[in-house]
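User: I have a protein model open and want to learn how to read it. Where should I begin?

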Amino acid sequence: MIPVYQDVVRKPNVMENRNPLQQSKSRVISLADRMKELQTYKGWKKLIAEYQEKGIIIDPKLRPLIKMVKLKFLFIDEDIQRALDVKHCTNIASIGTFDPRYLQVIYCTKLPGKEEYHANDAQHTVTLLGALIDAGLFAGEADWREIEVPVLYIETTSKSFARKAFAIINGKGKKKISAWYEHRTKVMSVRIDGSNDPDDKEAFDKQVICETYNCYPVDKESDFIGLPGTFTHMQALGLDNDILKMACKFHNDYFHYDEINGSLWFMIEDLSKAFGAAKIKITNKFLSELAGILQGYFAGLAQFHDAVHRAHIAWGIHTYGYKVGWQDDAIASVLVLLYQRLGGTQRIPKPLLDRFDTILDFVDDDIKALYEEVETA
Amino acid sequence: MSYFYILPGPFRTGFGITGDHERREKDYTGAWGGVARFSYLFEGTSTHVKRLENIIKIQNRDMLWKIDEWETEWLDNKWTPEQLLEFVQELVTERHLKVTQIR
């Protein structure tokens, strides 16, 4: 028998007031405040104490300098930089997307005593900039050689330093912008700046769907992780809006007290697509029955997800003789197979049942015991 | 079956899950050189017991005793085993967790 879903008392979701994407006004924090934040961090204090204990003093002259430099003084070391990607240059300069305000400062190493700046980065930027000027596309500028660009440089004869600098600028050692921050930029562009960019609006629409159902995307490093309704699986925002809505609604209807487990998105997407293709309606009764199984047998999606992973590994080894890679469509399949085993009467699209038809033989024994007890009775 | 336990440690209140609570008590006894006995014990399927532990460790992380960034399975701020018991009993009732208190 399918366990009946039991209501859990709904408490106000604390994320409603703490949602970091909620703000509609720009907020500026002083550098001093940011420094204070860093200086109160235990790890930082420990590091500074270590510097002081070792008597380390840093030479301020080692900090990079900045200067406006004529393009003719820029050079590119082919053994340090990658080959020029002419297609990439052409794409950056595309009509409608190219905006000179996005041009970046050029990172260089300067040979001591010489007016030679070796670009550690941005060869594509300077090359296409020179070529655009040469094509007469910048008003009032004709000779690209004489045009100045901002250069951030350090003086050294060491090529190995330039090599390392190139690696750092191109990602190594740099804190990458997470998928959540990318989403945040788009949402804030609409909420704060009123952006009409289609990409920004699409992200905003998805954010609104999530918030409508008390679901909140948060960064993987956020302190909010684990709070009810939060999720870090940003691929969810790539789902079709109707599927996203269905998933968020399911969470809010049945598991509003839990953080969102990544399995939700795969489960709802696969159910939605399979039922849609078979032209079978997903009813509220069916969803409530699925929620009953998830709650009654697994105490929610997190433990269900773990159980499917374990079953999938055992099933793969039994079926193929070795450990096969994870297949996320097992999530929906296990759930509907279990649903049928427990006597569910909703018609299920056959592809969902066929794909992993023997996988229930590999679920944990204590779970198996629950439905075997039912079958015996 | 799996078990969720609450134990009064020499310094603070601890918790955890195990498939063999007698063995686990002996492990603690061996580790801290004094007889360890779980004050309270809950029994249930592995999924529900694991979920119970996760709710404490994920949703209520601020309860945990931390050493730098490491979150331990000991409680901070002078939580007593009885306070944790009350918290767990409420969770079990509110969320319909299929675990039963056996000690």
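Analyst: Begin with one cut-off: a residue is buried when its relative accessible area is under 20%, and exposed when that value is over 50%. Keep in mind that this is a predicted model. Now apply the cut-off to helix 5 of chain A: 9 of its 12 residues are buried, so the helix is mostly covered.

User: Which residues of helix 5 of chain A are buried?

Analyst: They are Q123(A), H124(A), T125(A), V126(A), L128(A), L129(A), G130(A), L132(A) and I133(A).

User: How do I think about the directions in which residues of a helix point?

Analyst: An α-helix has 3.6 residues a turn, so residues three or four places apart point the same way. In helix 5 of chain A, V126(A), L129(A) and I133(A) are among the buried ones.

User: What covers the buried residues of helix 5 of chain A?

Analyst: Look for other elements in contact with them. The cover includes strand 2 (74-75), helix 4 (86-92), strand 3 (106-110) and strand 5 (148-155), which belong to chain A.

User: What length does helix 5 of chain A reach, and what is expected?

Analyst: Helix 5 covers residues 123-134 of chain A and reaches 16 Å from its first C-alpha to its last. That is close to the 16 Å expected at 1.5 Å a residue. After the helix comes G136(A), with a positive phi near 75 degrees.

User: Next, A203(A). Where is A203(A) found, and is it buried or exposed?

Analyst: A203(A) sits in helix 8 of chain A. Its relative accessibility is 9%, so A203(A) counts as buried. Leaving aside neighbours within four places in sequence, A203(A) is in contact with H183(A), K186(A) and V187(A). The C-alpha atoms of A203(A) and T125(A) are separated by 28 Å, and the two residues lie 78 residues apart along the chain.

User: Where does G194(A) lie?

Analyst: G194(A) is in the loop between helix 7 (179-191) and helix 8 (198-212) of chain A. With 44% relative accessibility, G194(A) counts as partly exposed, because that value falls between the two cut-offs. G194(A) and S24(A) are 170 residues apart along the chain, but their C-alpha atoms are separated by 9.7 Å.

User: How do I read the overall form of a chain?

Analyst: For 377 residues the globule would come near 21 Å, but chain A has 28 Å. Along the principal axes, the C-alpha trace of chain A spans about 90 × 55 × 50 Å. For chain B, with 103 residues, the globule value is near 13 Å, and chain B agrees at 13 Å. Its C-alpha atoms fill a box of roughly 35 × 30 × 20 Å.

User: How many helices and strands are there in each chain?

Analyst: Count the elements, then read their order. Chain A has 15 helices and 7 strands. Chain B has 3 helices and 6 strands. From the N terminus on, the order in chain B is β-β-α-β-α-β-β-α-β.

Methods:
Residues numbered from 1 in each chain as written. Chains lettered and ligands numbered in written order. Predicted model: local features only at pLDDT ≥ 70, side-chain atom pairs only at ≥ 80, totals over all residues. Heavy atoms only, no water. Helix = DSSP H or I, 4+ residues; strand = E, 2+ residues; numbered from the N terminus. Expected span 1.5 Å × (residues − 1). Buried < 20%, exposed > 50% of the residue type's maximum accessible area, 1.4 Å probe, protein only. Contact = heavy atoms within 4.5 Å. Rg over C-alpha atoms; globule rule 2.2 N^0.38 Å.
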